[in-house]
Amino acid sequence: MISSSQLKAARDLLGWTAKDLSVRSEVGLATIRRYELQPGVINSNKAVLASLISALNQAGIEFLGDPEVNPGVMLRIK
């Protein structure tokens, strides 16, 4: 579970566009844009959300904190 702000921050840290994330996660661009417009925790199909998180994790993103209270994102430099 992640928040829309964490999703946007993760892309920003990587310098990725929504299209970049779409290609890497195999999740539709319109879906990513819709998720980023949702306030708070993303309401999503678990498999779709897992694909997004996996693509971001593989790029070095670590999600921190509770997405409802203190969401955070960190980029692990390899």
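Let's call a residue buried when its relative accessible area is under 20%, exposed when that area is over 50%, and partly exposed in between, using a 1.4 Å probe and protein chains only. S3 is buried on that scale, with a relative accessible area of 2%.

A quick word on the ground rules: this is a predicted model, where local features need pLDDT of at least 70 and side-chain atom pairs count only at pLDDT 80 or more, while totals for chains, interfaces and linings use all residues. Residues are numbered from 1 along each chain as its sequence is written, and side-chain values use heavy atoms, with hydrogens and water left out.

Back to S3, which sits in the segment before α1. Setting aside neighbours within four places in sequence, S3 is in contact (heavy atoms within 4.5 Å) with G40, V41, I42, P67 and P71.

Now for the charged pairs. The structure has two salt bridges, each one a side-chain nitrogen of Lys or Arg within 4 Å of a carboxyl oxygen of Asp or Glu. R11 pairs with E36, and their closest N and O atoms are 2.6 Å apart. That pair links distant parts of the chain, from helix α1 (residues 4-14) to helix α3 (residues 29-37), 25 residues apart; helices here are DSSP runs of H or I with at least four residues, strands are E runs of at least two, and both are numbered from the N terminus. R11 is buried at 14% relative accessible area, and E36 is buried at 10%.

E62 and R76 form a salt bridge too, at 3.2 Å from N to O. E62 belongs to strand β1 (residues 61-64), and R76 to the segment after β2 (72-75). Here E62 is partly exposed at 29%, and R76 is partly exposed at 37%.
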